[in-house]
Each structure stands twice: as structure tokens, then as C-alpha cells.
Amino acid sequence: MALFGRSRRSTPRGRAARHGRHGRVGRSPVVRPPLPPIDTRVERFDVAVGGAAEYLRSAWPELREVSFEIGRLPRQADEDGIPRWTVDRDARRIVLYRVPIERLGRLHRVDDTHRRMMIEGEVFRAAADYLDRDPWDLGPDRFRFL
């Protein structure tokens with residue numbers, strides 16, 4: 001029997017399999033759960049060392065050919081304790097050790113800014129050791145605000 005020219009079906013017509021009740025099953029939600037930070041502690045350490053090394057290379061011609069490298073741990077402790085860096089003047093290389101710098105450094109305020117300042121201070125001390133100078137002499141304009 002037809003009402004107004006339409007025929008009735010005995011089974012309801014279903015939606016396509018890719019759509020849900022409201023036609024949105026395959027779509028992603030607008031707000032996703034928070035994603036982990038893009039940078040890690042190791043990457044932040046690398047950026048801090050790289051920034052300080054580039055500043056020192058641009059300020060001191062003696063450091064332009066020096067390689068600043070990052071090591072995880074020193075091979076052995078010396079009589080002064082665990083070294084935070086190693087200087088090799090013959091190979092023109094400074095190796096900074098991430099774990100001792102991060103773990104043994106003392107921060108009076110634990111935040112990203114002070115952590116970065118501590119890492120940059122160790123880079124300046126290592127470069128001063130390489131040049132046989134005082135670390136404060138390497139960047140007098142950089143610390144003028146202190």
C-alpha cells in the first residue's frame with residue numbers, strides 16, 4: 001500500500017558503515033588530550049650549551065675552531081671529584097658532561113631559567129679553562145646587569 005505515491009519498506013534503511021548515529025564516527029575530537037612536551041631535558045641541555053658556545057665563538061677568535069661536545073658521564077673521577085668538563089687543547093675540544101652538571105649543580109631557584117644559567121655558567125668555566133682565563137673575563141657585557 002502506498003501513501004501519497006511512496007512505498008513502505010519492511011526494513012528500515014540503514015546508514016553507511018562509516019557513519020555513526022550523527023554521521024561523525026570517523027572524525028577526531030576537537031580537543032585532544034595534552035601531548036607530551038616536544039623538547040626533553042637532554043634537548044634543553046643541548047640548546048643551552050649550543051647557545052653559550054656560539055656566543056663564545058663569536059666573541060673570542062681563539063674559540064672559533066674549538067669543538068664543544070656533550071658527553072654523558074666522565075670515564076673516571078679525579079682528585080677534585082667528578083669533573084664537569086674535559087679540555088683537550090691538542091684536539092681543540094671541550095667535552096661537557098651532562099649528568100654531573102645537571103645532578104651536581106646547585107640551584108637556589110629550581111626553574112628553567114636558572115637551570116639554563118647554570119649550564120651556561122659551566123660552558124663559560126670550561127671555555128675559561130681552555131683559554132686559561134677567568135670566566136668573568138669571557139663575557140663582561142653579558143653579565144653587566146648583575
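Which elements cover the buried residues of H1? The cover includes strand E3 (67–71), strand E5 (93–97), helix H2 (98–104), H3 and helix H4 (135–138). Here, helices (H or I, at least four residues) and strands (E, at least two) are DSSP runs, numbered from the N terminus. Buried means under 20% relative accessible area, exposed means over 50%, and partly exposed lies in between (1.4 Å probe, protein chains only).

A word on the ground rules before we go on. This is a predicted model, in which local features need pLDDT of at least 70 and side-chain atom pairs count only at pLDDT 80 or more, while totals for chains, interfaces and linings use all residues. Residues are numbered from 1 along each chain as its sequence is written, and side-chain values use heavy atoms, with hydrogens and water left out.

**The chain as a whole**

The chain holds four helices and five strands. Read from the N terminus on, its elements run β-β-α-β-β-β-α-α-α. Of the 146 residues in the chain, 27% are buried. Contact, used throughout, means heavy atoms within 4.5 Å. Among the contacts in the chain with a separation of 6 or more, 59% are between residues 24 or more positions apart.

**Helix H1 and Arg57**

H1 has 19 residues, and the distance from its first C-alpha to its last is 27 Å, close to the 27 Å expected at 1.5 Å a residue. The expected span is 1.5 Å times one less than the number of residues in the helix. The buried residues of H1 are Phe45, Ala48, Val49, Ala52, Ala53, Leu56 and Arg57. Seen down the axis of H1, these buried residues fall within an arc of 160 degrees, so they line one face of the helix. That arc is taken from the directions from the helix axis to the C-beta atoms. As background, an α-helix has 3.6 residues a turn, so residues three or four places apart point the same way.

Not counting residues up to four places away in sequence, Arg57 touches Leu63, Arg64, Val66, Ser67 and Phe68.

The 20 residues of H3 should span 28 Å at 1.5 Å a residue, and the end C-alpha atoms are 29 Å apart, which agrees. Glu122 has its place in helix H3 (residues 112–131). Is Glu122 buried or exposed? At 12% relative accessibility, Glu122 counts as buried. Leaving aside neighbours within four places in sequence, Glu122 is in contact with Arg84, Trp85, Leu96 and Ile101.

Val87, in strand E4, is in contact with Arg93, Ala126, Asp129 and Tyr130, again leaving aside neighbours within four places in sequence. Tyr130 also has Arg89 over its face, at 6.0 Å from the ring centre. For this, a charge sits over a ring if NZ of Lys or CZ of Arg is within 6 Å of the ring centre and within 35 degrees of the ring normal.

Leu107 lies in the loop between H2 and H3. With a relative accessible area of 27%, Leu107 is partly exposed. Apart from neighbours within four places in sequence, Leu107 is in contact with His114, Arg115 and Met118.

| Pair | Apart in sequence | C-alpha to C-alpha |
|---|---|---|
| Leu107 and Met118 | eleven residues | 7.6 Å |
| Val87 and Ala127 | 40 residues | 8.4 Å |
| Arg57 and Ala127 | 70 residues | 9.8 Å |

Most residues other than glycine have a negative phi, and most peptide bonds are trans. Where is Arg92 found? Arg92 is in the loop between strand E4 (85–88) and E5. Its phi is near 50 degrees, a positive value in a residue other than glycine. At 44% relative accessibility, Arg92 counts as partly exposed.

Asp132 follows H3, with a positive phi near 55 degrees. This residue lies in the loop between H3 and H4. At 62% relative accessibility, Asp132 counts as exposed.
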